[in-house]
Amino acid sequence: MQSNARRAVVDLGSNSVRLVVFQGQSRNPVQIFNEKAVLRLARGLIATGNLDPASMDEAVTVVRRYGAIARAMGAHPFEALATSAVRDAANGPEFTARLEAATPGLKVITLTGEQEARLSAEGVLCGIPAADGILADLGGGSLEVVRLSAGSIGEAATMPIGVIRLAERAGNDHLRAKTIVSDELEAIPFLGEGAGGDLYVSGGAFRALARIHIAQTGYPLAMVHHYTIGRDEARDLSAVIAEAGRKLIERMPGVARKRIDDLPYAAIILRRLLRATNAARVVFSANGLREGWFLRQLPAEMRLQDPLVAAGRDLTVGLLRDAGLPDALIAWTAPLFASETNAQRRLREGACWFSDIGNHEHPEYRAEQAFLRVLRQTGVGLDHHARAFLALTLALRYEAPIESPFLAPARALLDMAAARRAETLGAALRLAYTLSAGTPTLLAATSLTIDRGKLVLTLNASSGVFAGDPIDRRLSRLASMVGLEAETRLI
């Protein structure tokens with residue numbers, strides 16, 4: 001498959017219908033088009049057993065447009081994934097046949113509950129490959145739950161308590177809705193295996209809750225993906241939303257108007273999930289069904305890549321002065337971090353891949369541009385701590401003043417120890433680039449070692465690399481950051 005190949009998928013949900021077009025073949029899915037229409041196909045399903053006729057007509061029109069977009073973009077395959085409402089409705093097969101007849105090239109796949117749950121889990125693991133706990137994916141018609149164990153998918157179950165269906169089952173009575181959700185969750189024994197771990201939540205209604213919390217708390221990064229809050233914060237948030245009236249919810253910051261009616265039910269479900277799982281944290285995921293669909297189409301070796309390192313490689317295509325430099329930097333900086341954990345090593349490797357990302361920027365704005373590009377990049381495998389660490393490292397690699405105001409979001413997201421590691425790595429990368437001009441050939445003529453309380457820079461005298469004033473200053477600064485004396489040796 002060529003790297004510029006495009007694939008299109010329609011998420012035919014109970015609440016909304018969404019088209020996503022992915023470009024390229026990468027461990028981190030790259031969306032080049034994303035459009036949603038809120039059609040509420042599941043409206044009235046409990047009472048009639050059928051999809052809403054007006055919503056079906058609208059869906060045919062919308063999906064026909066999506067087909068035109070997919071063809072114009074040259075996307076193949078072009079598939080629609082039909083979920084809870086379509087599979088449960090008596091007129092679901094008639095509806096999917098209408099869609100395929102009206103939209104050339106479209107293949108509609110009606111997922112079973114088990115298939116939907118597993119695809120959602122694969123999508124979450126696309127961005128959080130070591131996820132361990134319980135996944136809950138909330139739609140308009142159903143809630144899927146999956147046991148995740150260190151990145152492996154375990155037991156899965158589906159329940160008819162999506163936000164639209166729950167409201168209808170409860171007759172818009174919140175108290176009755178709580179009882180329905182509790183009864184459904186009690187029938188899923190593996191939920192108790194999530195005690196003390198993480199509850200991973202995906203789906204538009206859950207993401208809407210996260211946006212409210214981000215806005216209320218002034219969180220420094222406006223990204224739902226990987227947004228993490230503690231159990232008590234999640235319980236407080238869900239309690240407030242579940243009991244708030246429509247007018248109060250409308251006045252809350254970060255509220256999407258089309259989600260107002262759904263939010264109390266999403267909050268009820270979240271609170272009951274916390275009770276059933278006894279999870280310690282809630283981790284929000286922007287990934288789900290669509291990313292799982294995309295990931296299944298990649299070669300097995302690509303699916304196994306570390307998404308953080310893959311993001312570094314993907315985002316620096318065409319920007320690196322030498323593609324061999326990142327691996328050389330990883331080895332060159334290792335002596336400074338002899339006691340690092342595996343997680344810390346992974347971040348250092350990512351920073352080495354990103355470290356030349358700003359070389360085409362204007363010199364006056366290079367540090368800030370590199371910082372923002374890394375902090376706000378699309379890589380799905382980067383949690384907020386990783387984004388902050390990498391962004392701070394890169395800004396300091398480009399010699400941003402340590403007190404620069406634009407660094408504030410990263411500093412707010414990092415503890416002192418992590419910020420110190422980022423500062424040290426940034427200084428080391430700056431020294432490496434000064435020595436090597438961004439080439440592995442010149443870097444290979446140098447090395448860093450720690451010897452008897454000294455940080456020793458060794459230079460090959462015949463290589464053309466020499467220790468002038470900029471080198472001495474940067475070595476001394478780096479040595480002071482790790483509590484050592486600086487020494488330069490020629491061989």
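**Overall build of the predicted model**

Of the 491 residues in the protein, 55% are buried (under 20% relative accessible area with a 1.4 Å probe, counting protein chains only). This is a predicted model, so to speak on its own terms: local features need pLDDT of at least 70, side-chain atom pairs count only at pLDDT 80 or more, and totals for chains, interfaces and linings use all residues. Residues are numbered from 1 along each chain as its sequence is written, and side-chain values use heavy atoms, with hydrogens and water left out.

The fold holds 22 helices and 14 strands, taken as DSSP runs (H or I, at least four residues, for helices; E, at least two, for strands). With a radius of gyration of 26 Å, close to the 23 Å from the globule rule for 491 residues, the protein is as compact as a globular protein of that length; the radius is taken over C-alpha atoms, and the rule is 2.2 Å times the number of residues to the power 0.38. The C-alpha trace spans about 85 × 50 × 40 Å along its principal axes. Among contacts (heavy atoms within 4.5 Å) with a separation of 6 or more, 69% link residues 24 or more positions apart.

Methods. Buried < 20%, exposed > 50% of the residue type's maximum accessible area, 1.4 Å probe, protein only.
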